[in-house]
Amino acid sequence: MSTFFITTAIDYTNGAPHIGHAYEKVLADVLARYHRLKGDEVFFLTGVDQHGQKVQQSAEKQGVAPQQFVDEITAKFVALWEKLDVHYDDWAATTAPRHKDCVRAILQRLWDQRGGGARDKRGTDLGEQDPATGASRWLYKKTEGGWYSVRQEQFLTDKERGPDGEFGPAWQPVEFREEENFYFRLLDHKQWLLDLIDARSRAGRPLVVPDYRVAELRNAVEKLESDLCISRPASRLQWGIPFPESFGAGFVTYVWFDALVNYLSFAPGYDPAPVAAVCDRRTSAGEGGGSAPPPPTEIGDGHRPPLQDFRKWWPALHVIGKDILIPAHGVYWPIMLKALGFGDDEMPTLLVHGWWNIAGAKMSKSLGNIIDPDALADKYGPEALRYYLMSDIATGRDADFSEERLIQRYNTDLANSLGNLLNRTLSMAGKYRDGRLTLPRPSQSSLSPNDYEVLGQQIRAAGQIPRTVTFHDFAALADSSLTLVTRAFDECRVDLAIGFTNYLIDVTNRAVQMMEPWVRFKDPILRASIDLVLYELAESLRIIAILIYPVLPRAAHGIFDQLNWKMNESGRSQRFHLDDAKWGGLPDGHVLGKPTPLFPRIEAQPV
């Protein structure tokens with residue numbers, strides 16, 4: 001069985017979740033569900049970043065302790081993911097003891113001398129001290145003065161200045177500081193990172209997906225001019241992970257170094273020490289990462305994977321926003337992994353998504369245009385929001401958020417198209433055959449070859465499928481849809497997977513109009529062909545339910561329930577398997593259920 005380890009960025013607990021947070025988590029959930037659908041063993045990690053100066057300052061403004069502040073914000077994220085059916089396998093919280101221990105162990109490992117000790121799988125000595133100077137190969141201490149961005153919690157260089165010579169709004173407020181800190185060596189590994197980026201691209205496995213982001217990352221690495229300051233004086237930042245005592249008193253871990261380690265500290269079986277276990281690995285089933293409750297599961301679901309060897313799962317697919325590709329995930333993180341002994345072939349892939357904007361402008365608190373996903377889910381339902389977020393943006397690109405578009409896509413694609421197909425199929429089955437299906441012979445088809453050609457021409461003209469796709473019966477139609485959908489999901493193009501599923505729905509609806517079962521029923525000669533029509537429609541719906549499951553799990557269960565199919569597994573993820581999306585699954589004599597509106601039209605007007 002193949003394994004699939006997927007993570008998201010951990011959300012900064014300085015404010016309530018917005019639509020960008022929801023998009024990223026639903027995107028990762030959809031990809032995780034797809035891989036479970038394929039039969040892969042999946043580990044889906046998400047969580048919250050609870051440390052940092054901004055959190056400390058926000059807590060001080062409210063007059064509460066930082067832990068209380070982040071717990072209250074964390075609860076909002078946990079509640080939203082439960083509402084949106086985001087089913088993660090573990091929860092990363094950076095205030096959790098296991099994470100703190102892991103960060104401190106990694107810092108100590110990078111600082112300590114262990115020459116002649118542990119070795120990686122190639123036999124390379126993992127000792128971190130330079131044999132010539134006795135200094136750590138990865139960390140050093142120095143005093144530096146410069147302009148510091150309070151917002152971004154980092155020192156700035158002249159390259160961050162705008163054309164007018166000033167630091168832009170993204171960095172403000174900025175103040176001059178001089179302080180002693182610890183630094184992580186980046187510049188020594190600049191060429192290694194450039195070579196890695198090029199090698200992965202040549203091998204057809206780009207470090208960044210979509211691959212047009214690769215040039216952006218490479219240009220940033222080319223311009224790399226300084227090492228990374230990984231500490232902050234405890235005199236001005238108390239809310240963070242203290243450095244190990246061996247570094248001397250008074251230092252707290254920089255929030256990005258702290259946060260990035262979550263991908264390891266909460267990964268199954270990771271041990272930061274090359275020999276003795278240092279990191280607290282209390283990861284038994286049902287335990288979350290910190291202040292959050294255990295992750296939600298579907299009714300009776302047991303998909304949490306066993307916690308086995310870390311190497312079984314690594315490397316991960318990191319789902320992140322384009323704003324944190326550079327420098328955090330694209331520069332800091334691979335060099336951190338290199339420092340910990342990870343080989344070039346063990347570097348994770350970065351799936352970088354775009355932003356939801358408002359009329360082309362980025363959402364921001366200062367502009368007052370933040371979209372609340374919790375309110376949208378309450379107003380339109382979680383499935384309507386999931387569908388809109390996945391269907392109306394191309395993975396990696398930006399898009400404008402529109403409540404009108406949410407309503408339009410739901411009513412057009414779900415209520416009018418899929419919902420209508422389900423309702424009319426079950427209604428006709430009940431009216432004409434008391435809901436009972438008859439399995440047709442393999443060579444039987446309700447439409448002529450010319451009818452299928454006309455259908456194909458209509459769909460290809462609409463741009464819904466590649467012009468090379470053809471089909472000669474419903475079985476071939478379902479097979480071509482399955483091929484297109486799985487290819488799109490494998491490429492993380494959820495929007496295309498939805499489009500290709502809609503192609504199957506659209507063709508089936510068009511076919512109903514061609515088949516005219518209501519006319520056939522009135523004709524004594526054609527009446528017998530009703531059995532064939534009903535089977536083709538019901539079987540198409542069974543396959544459609546499997547294909548939409550990653551995006552619309554509740555609707556997929558609803559379709560199976562109305563088809564009266566696999567009722568003993570109702571509400572469980574094990575009910576759906578991609579291998580079952582092959583024509584001919586419904587048996588002879590199967591009795592369908594009664595129709596119930598699955599997608600009631602949205603009549604509410606956007607505010």
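Guide: Two strands are taken as paired if DSSP finds at least two bridges between them. The model is a predicted one, and what follows should be read as a description of that prediction.

Three strands form an open sheet in the order β15-β14-β16, and the pairing is mixed. Its edge strands are β15, residues 361-362, and β16, residues 399-400, each of which pairs on one side only. Strand β14 covers residues 356-358 and runs parallel to β16, with two bridges between them. Within this pairing, Trp 356 of β14 has Ala 399 in β16 as its bridge partner.

Together with Met 390, Trp 356 has the most contacts inside the largest nonpolar core, a set of 111 residues. The greatest contribution to this core comes from α18, which supplies 13 residues. A separate, second core has 65 residues, among them Ala 259, Phe 266, Leu 325 and Ala 339.

The other residue of that pair, Met 390, belongs to helix α12. Helix α12 spans residues 382-391, and because 10 of its 10 residues are buried, the helix is largely enclosed by the rest of the structure. The buried residues of α12 include Glu 383 and Arg 386 as well as Leu 385, Tyr 387 and Leu 389. Beyond its neighbours within four places in sequence, Met 390 is in contact with Tyr 23, Val 26, Leu 27 and Val 30, and also with Val 494, Asp 495, Ile 498 and Val 551.

Helix α16 has the largest share, with five residues. By class, the lining has 11 nonpolar residues, two polar ones and no charged ones. The volume of this cavity is about 90 Å³, and three cavities of 30 Å³ or more are counted in the model.

The second largest cavity has a volume of about 40 Å³. Its lining consists of Leu 207, His 329, Trp 333, Pro 334, Leu 337, Met 347, Pro 348 and Leu 350. Helix α10, residues 325-339, gives the most to that lining, with four residues. Here seven of the lining residues are nonpolar, one is polar and none is charged.

Not counting residues up to four places away in sequence, Trp 314 touches Trp 333, Leu 337 and Pro 348, along with Phe 5, Tyr 263, Leu 264, Phe 342 and Glu 346. Trp 314 sits in the loop between α9 (310-313) and β12 (317-321). Its relative accessibility is 7%, so Trp 314 counts as buried, the cut-off being under 20%. As for Leu 264, this residue is 50 residues away from Trp 314 along the chain, and the two C-alpha atoms are separated by 9.3 Å.

Terms used:
Residues numbered from 1 in each chain as written. Predicted model: local features only at pLDDT ≥ 70, side-chain atom pairs only at ≥ 80, totals over all residues. Heavy atoms only, no water. 1 Å grid on protein atoms, 1.4 Å probe; cavity = no way out; pocket = protein on both sides within 12 Å on 5 of 7 lines; lining within 4 Å. Points joined across faces, edges and corners; volume = space filled by probe spheres on them. Nonpolar A, V, L, I, M, F, W, Y, C, P; charged D, E, K, R; others polar. Buried < 20%, exposed > 50% of the residue type's maximum accessible area, 1.4 Å probe, protein only. Core = buried A, V, L, I, M, F, W, Y, C linked by side-chain atoms within 4.5 Å. Contact = heavy atoms within 4.5 Å.
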